[in-house]
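Here is a short report on one protein chain. Look over the sequence and the fold first, then read on.

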Amino acid sequence: MHEWWAPLLEPDGLLLRDRALTVVDPDDLLTALRSGRIRRIQRGIYLPRRIEASPVVLARAAMLSSGAMGAVPSHQSAARMHDLAVPGNGHVQHVTVAREQRRRNRPDLCFHTRSLGFGEVEKIDGVPVTSVARTLADLAASAERLHAVWAIDDCLRRRLCTKPDVVAVLRRWRGGAGCASARERLGEADGVAESILETAGRLVLRDRGVPLPIPQYHLRSPEGTLVARLDGAYLREKVALEFDGADPHGLPEAVFRDRWRQNGLPELGWTVLRFTWWDVMHDPDGVAAIVRRTLSRRAS
């Protein structure tokens, strides 16, 4: 069935309230909203239910709804546009604007005013967005520690950016809110972790003064056969760390592979310590204590 809003849609499917009200009665718009045929995604911006609310579409809606000239999607919004590892479902969008263009934050839209430098803005599907390096710097300065470090870890591992790229952005800031935290978060990232749980485990050990293991270590038998790819390895003590996240270890194939791997390690004189998300997030002191005790016992 042909809907009244079809001719009014933007190329990406967005429906602007001001444009809609030039051709239809406000009651028609309200009826469409109440029926669920269209949904509000930002103030004055709607999307038909059959059109996907992709990160790019949501970011452009935030940019248009901001009312600020030159608004650029940034922070978590930019991270999702770049397909970086950030938590949440994208309900809250973020834009960076000139200081004089700043508006009051809304439940679905946050404004930021740190100036954008040369090369820190690019385009995705025609929508301006902060570069990967600038996005990581913004996250490092404002996001919760674990999520910021994991975003950097994941990005570096995938070679979407380098540490010097982010350092160059931070150097231009020359101080200001969050700059010290951003440098610290960048220093805590290793660019090797393959899951947020591995990043969390590393931070737990680091914070409590436990020596860090070699990450993603390929352990081979004396004959050269690959026995296991360990999340973390202490070579001298022959202690392996495994962080069992729900996603990679919950699949049957992964379960069998993990069991086979765990059975092969003791034959080579290795001790395996396995930790879950609950262990790391709810008992970090216990995790650190077990690792420390095991290293001490194995060393002696």
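A residue counts as buried when its relative accessible area is under 20%, and as exposed when that area is over 50%. Arg106 has a relative accessible area of 11%, so Arg106 is buried.

**Confidence**

This is a predicted model. The mean pLDDT of the protein chain is 91. A value of 70 or more is reached by 93% of the residues. Residues 247–252 need care: pLDDT stays under 50 there. For that stretch the model has 10 contacts beyond four places in sequence.

**Around Arg106**

Arg106 sits in the loop between S5 and S6. What does Arg106 touch, leaving aside its neighbours within four places in sequence? The contacts are Gln42, Arg43 and Ser65. With Gln42 there is a polar contact, side chain to side chain, at 3.0 Å. Arg43 is 63 residues away from Arg106 in sequence. In space, their C-alpha atoms are 9.5 Å apart.

S5 and S6 run parallel and are joined by four bridges. Within this pairing, Val95 has Phe111 of S6 as its bridge partner.

Helix H3 spans residues 55–65, and nine of its 11 residues are buried. Among them are Val57, Ala59, Arg60, Met63 and Ser65. Ser65 is also one of the contacts of Arg106. Just after H3, Gly67 takes a positive phi of about 75°.

His94 belongs to strand S5, residues 93–96. Is His94 buried or exposed? The relative accessible area of His94 is 11%, so it is buried. Not counting residues up to four places away in sequence, His94 touches a run of residues including Val72, Pro73, Ser74 and His75. It also touches Leu109, Cys110 and His112.

**The nonpolar cores**

The largest nonpolar core has 43 residues. Leu136, Val166, Tyr234, Leu241, Phe275 and Val291 touch the most other members. Several elements give two or more residues to this core, including helix H5 (132–142), helix H7 (163–173), strand S11 (239–244) and helix H13 (284–299). H6 gives the largest share, seven residues. Take Val166 as one member. Beyond four places in sequence, Val166 is in contact with Ala133, Leu136, Ala137, Cys161 and Leu186. Another core lies apart, with 15 residues, among them Ala59, Ala78, Met81 and Val95.

Most residues other than glycine have a negative phi.

| Residue | Phi | Place | Relative accessible area |

Arg106, by contrast, is a loop residue that is buried.

Conventions
Residues are numbered from 1 along each chain as its sequence is written. This is a predicted model: local features need pLDDT of at least 70, side-chain atom pairs count only at pLDDT 80 or more; totals for chains, interfaces and linings use all residues. Side-chain values use heavy atoms; hydrogens and water are left out. pLDDT is the predictor's confidence in each residue, from 0 to 100. Contact means heavy atoms within 4.5 Å. A nonpolar core is a set of buried Ala, Val, Leu, Ile, Met, Phe, Trp, Tyr and Cys residues joined through side-chain atoms within 4.5 Å. Buried means under 20% relative accessible area, exposed over 50%, partly exposed in between (1.4 Å probe, protein chains only). Two strands pair if DSSP finds at least two bridges between them. A polar contact is a pair of N or O atoms within 3.5 Å; within protein, one must be able to donate a hydrogen and the other to accept it, and residues adjacent in sequence count only if both atoms are side-chain atoms.
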